Amino acid sequence: MDPNRLPADWGWKVTRPSGHGFEDDLADYAAALRDRRSILLEESPGVALRHRKQPWHRAAPYASGATYLPFANDIPFGLWVFSLTPGGEERSGQTWGQTIWFRVPAWWALGPKGRTAAALLARLEKLTREEVLTLRRSYNKAWPADHEDPAWYEAQDLAANTDRAPLKNALIKHTETALDRAAHTHGKRVTDFSNEQKSVCFAAAALAIEDLSPNLAHRLLGPLRLALGDIHTYPVPTWADNQ
């Protein structure tokens with residue numbers, strides 16, 4: 001089954017890489033798939049969601065609600081395809097069940113270049129203090145102050161014209177978060193629109209657009225390449241390839 005074309009009442013479930021739910025979702029979706037059993041959909045821990053209520057806000061609360069990709073709010077994550085089915089009858093009404101059908105590699109939720117995007121996020125999480133500083137300097141090396149390259153604006157327009165703006169924004173958010181977290185571990189703070197932030201965000205924009213020209217890709221990835229090497233050589237994390 002194509003995850004892009006799911007039947008009605010089917011959807012994506014975003015979990016921890018282990019298959020356990022986030023926060024107040026205590027279910028083990030990996031075990032449910034293995035044991036071929038349905039999981040009761042709960043309104044709150046221990047309280048079943050009644051059939052008369054809309055289920056989707058509880059069935060997939062950790063994805064953004066985008067129409068064609070389940071953008072995850074948390075990295076790393078696991079990704080599953082599930083369907084909603086009416087559950088058993090209780091005194092207060094019928095309930096909802098969730099049937100897990102199969103696991104989808106998590107990189108799929110990060111777009112057509114999702115494996116590379118996952119590799120970028122994993123690489124940023126491991127930045128050293130010196131690499132954070134190198135990202136700052138590499139931006140100026142790639143694009144000197146007296147030579148403003150319009151690549152960013154070209155990418156913005158191309159993303160909008162190819163329906164990739166939501167994906168671009170999601171990848172930028174994840175790269176900013178990964179960079180902030182790495183810098184924080186070294187006692188540094190990344191400010192908005194800083195050179196190190198722009199270096200990684202330009203790379204994220206390049207990964208969001210499937211039909212990017214080689215020339216534009218080279219320019220967008222330039223600052224990152226000077227600091228951390230070729231993005232296509234970064235290892236893909238295990239959580240992104242799990243299936």
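Trainee: Why is Arg136 called partly exposed?

Mentor: Arg136 has a relative accessible area of 31%. Buried means under 20% and exposed means over 50%. Because 31% falls in between, Arg136 is called partly exposed. Do keep in mind that this is a predicted model.

Trainee: What makes Glu196 count as buried?

Mentor: Glu196 has a relative accessible area of 3%. The cut-off for buried is under 20%, so Glu196 counts as buried.

Trainee: How do you know that the side chains of Glu196 and Arg136 meet in a salt bridge?

Mentor: Look at the distance from N to O, which is 3.0 Å for this pair. The limit is 4 Å from a side-chain nitrogen of Lys or Arg to a carboxyl oxygen of Asp or Glu, so an Arg and a Glu at 3.0 Å qualify.

Trainee: Which other salt bridge involves Glu131?

Mentor: The side chain of Glu131 meets that of Arg123, at 2.5 Å from N to O. Both Arg123 and Glu131 are buried. A search of the whole structure finds nine salt bridges.

Trainee: What makes the pair Glu210 and Arg164 a salt bridge?

Mentor: Their N to O distance is 3.8 Å. This pair also links distant parts of the chain: Glu210 is in the loop between helix 7 and helix 8, while Arg164 is in the loop between helix 5 (151-161) and helix 6, 46 residues apart. The distance of 3.8 Å is within 4 Å, so the pair is counted as a salt bridge.

Trainee: Are Glu210 and Arg164 buried or exposed?

Mentor: Glu210 has 52% relative accessibility, and exposed means over 50%, so Glu210 counts as exposed. Arg164 has 17%, and buried means under 20%, so Arg164 counts as buried. Elsewhere, salt bridges that share partners join Arg34, Asp35 and Arg37 into one network.

Trainee: Back to helix 4. How do you know that its reach is close to what is expected?

Mentor: Helix 4 covers residues 129-142, which is 14 residues. From its first C-alpha to its last, helix 4 reaches 20 Å, and 20 Å is also the span expected at 1.5 Å a residue.

Trainee: Which residues of helix 4 are buried, and what covers them?

Mentor: The buried residues are Glu131, Val132, Leu133, Thr134, Leu135, Ser138 and Tyr139. Their cover includes helix 3 (114-125), helix 6 (165-185), helix 7 (195-208) and helix 8 (214-228).

Trainee: Why is Thr175 called buried?

Mentor: Thr175 has a relative accessible area of 2%, and buried means under 20%, so Thr175 is called buried. Thr175 lies in helix 6. Leaving aside neighbours within four places in sequence, Thr175 is in contact with Leu120, Leu121, Leu124, Val200, Cys201 and Ala204.

Trainee: Which residues line the largest cavity?

Mentor: The lining is made of Ala117, Leu120, Leu121, Leu171, Thr175, Ala204 and Leu207. The volume of this cavity is about 30 Å³. Helix 3 gives the most to the lining, with three residues. The lining residues divide into six nonpolar, one polar and no charged.

Trainee: What makes His232 exposed?

Mentor: His232 has a relative accessible area of 55%, and exposed means over 50%, so His232 is called exposed. His232 sits in the loop between helix 8 and helix 9 (238-241). Not counting residues up to four places away in sequence, His232 touches Thr116 and Leu221. His232 and Thr116 are 116 residues apart along the chain, with 6.4 Å between their C-alpha atoms.

Trainee: Why does Gly19 count as buried?

Mentor: Gly19 has 0% relative accessibility, and buried means under 20%, so Gly19 counts as buried. Gly19 is in the loop between strand 1 (10-15) and helix 1 (29-35). Not counting residues up to four places away in sequence, Gly19 touches Ala27, Asp28, Tyr29, Ala30 and Trp80.

Trainee: And how much of the protein do buried residues make up?

Mentor: They make up 50% of its 243 residues. The protein has nine helices and six strands.

Conventions:
Residues numbered from 1 in each chain as written. Predicted model: local features only at pLDDT ≥ 70, side-chain atom pairs only at ≥ 80, totals over all residues. Heavy atoms only, no water. Helix = DSSP H or I, 4+ residues; strand = E, 2+ residues; numbered from the N terminus. Expected span 1.5 Å × (residues − 1). Buried < 20%, exposed > 50% of the residue type's maximum accessible area, 1.4 Å probe, protein only. Contact = heavy atoms within 4.5 Å. 1 Å grid on protein atoms, 1.4 Å probe; cavity = no way out; pocket = protein on both sides within 12 Å on 5 of 7 lines; lining within 4 Å. Points joined across faces, edges and corners; volume = space filled by probe spheres on them. Nonpolar A, V, L, I, M, F, W, Y, C, P; charged D, E, K, R; others polar.
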